[in-house]
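Here is a friendly walk through one protein chain, from its overall build down to single side chains. Please have the structure open as you read.

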Amino acid sequence: RKHYVVQREKAAEAQREKENERRLTEAKLDFFAGISHELRTPCFLISAQIEEIVNSGSGTVSVGALKGIYRNSLKLNKLIGNVMDIRKMETGNLNLLARDTDVTALLRSLMPDYEGLCRQKGLYLKFDLPNEPLLARIDPDKIEFIMTNLITNAYKYTPSGKGGVTVSLTKDDSCFVIKVNDTGIGIVKDMQEAIFNPFFRTERGRKESVGDGIGLSFVRKLVELHDGEISVESEVNVGTTFIVKIPLDNKLNIRKLKSGG
Ligand code: ADP
């Protein structure tokens, strides 16, 4: 009888694993479908703008039209880069291109992207930045990706008119610390580790906003590539703070850079 129970448990376990595998595959396919959808917008805008030029029959092209095409091709490039980075991350082939960077200026440059968004949703957006440059050896594109994800989440998971988002930057002797705080739906304690798993989304998160559950897993890997740490503090219906701590002078990055990574 005992034997029978063990057998049954094993079968149930195998069934669960199979189900998890199926969900992961499903989530990956959804993710790629979503990205493909996003790629269509800049592609469409580029071809529409070119079509307009061709159809105008005029011998000259306006700088304004070219700027539009240029902007959208950059966007396209960036999206494709993100897809490739995610694949590289999965296979462990993503390296940093570290250089001395003013983190204060980097964060400040992101602010305009979110000001309008937050205003439209009736949320405040605050950047608490030092008054002077804060130099660190980082990969600026990767830090931008980290910040974009954290700020977008803070915005997405805060209901309209319910407070807002605060980004702060400080430093101690060896590290700089970025905090992204929101006054949103929060994350239950039991899920605060799982949200860093690829394709994981909370039930409450699903109800609040769309997403694919890939962002935070990618963010954590990028922080770790910088020899840093990411943690989360959150209370349901009060808000969430993500804390990113990264060494100012990262020897590992220099080594990677020298080895041609
Ligand atoms: P996505 O937002 O695309 O679902 P992420 O990997 O960025 O993917 O986040 C994973 C999950 O963590 C989200 O689905 C959401 O449930 C939860 N989450 C992330 N950031 C926040 C936040 N600021 N407040 C509340 N929940 C959050």
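Accessible areas here come from the Shrake-Rupley method with a 1.4 Å probe, and for residues only the protein chains shown count as cover. By that method the protein chain has an accessible surface of about 16000 Å², and carbon and sulfur atoms hold 53% of that surface. A word on the source: this is a predicted model, in which local features need pLDDT of at least 70 and side-chain atom pairs count only at pLDDT 80 or more, while totals for chains, interfaces and linings use all residues. Residues are numbered from 1 along each chain as its sequence is written, and side-chain values use heavy atoms, with hydrogens and water left out.

**Overall build**

The chain holds seven helices and seven strands; helices (H or I, at least four residues) and strands (E, at least two) are DSSP runs, numbered from the N terminus. Read from the N terminus, the order is α-α-β-α-β-β-α-β-β-α-α-β-β-α. The C-alpha trace spans about 85 × 50 × 50 Å along its principal axes. Of the 261 residues, 40% are buried, where buried means under 20% relative accessible area, exposed over 50%, and partly exposed in between (1.4 Å probe, protein chains only). Taking contact as heavy atoms within 4.5 Å, 72% of the contacts with a separation of 6 or more join residues 24 or more positions apart.

Val177 and Ile246 are 69 residues apart in sequence, yet their C-alpha atoms are 6.6 Å apart. Beyond the neighbours within four places in sequence, Val177 is in contact with residues including Leu169, Ile243 and Val244.

**Charges and salt bridges**

Lys and Arg count as positive and Asp and Glu as negative, with His and the chain ends not counted. Side chains of opposite charge can pair when their charged atoms come close. A salt bridge is a side-chain nitrogen of Lys or Arg within 4 Å of a carboxyl oxygen of Asp or Glu, and the whole structure has eight of them.

| Salt bridge | Closest N and O atoms |
|---|---|
| Arg23 and Glu19 | 3.8 Å |
| Glu193 and Arg220 | 3.1 Å |
| Glu203 and Arg206 | 4.0 Å |

By contrast, Arg23 and Glu19 both lie in helix H1, four residues apart, about one turn of the helix. Glu19, Arg22 and Arg23 form a network of salt bridges.

Which charged residue is buried yet has no salt bridge? That is Lys121, whose nearest side chain of opposite charge, Glu208, is 5.0 Å away. Lys121 sits in the loop between helix H3 (103–120) and strand S2 (124–128), and its contacts beyond four places in sequence include Tyr155, Pro159 and Gly161.

Most residues other than glycine have a negative phi. Asp227, not a glycine, has a positive phi of about 65° and is found in the loop between helix H6 (215–225) and strand S6 (229–235). Asn237 likewise has a positive phi of about 65°, in the loop between S6 and strand S7 (239–247). Asp227 is partly exposed, with a relative accessible area of 42%, whereas Asn237 is exposed at 60%.
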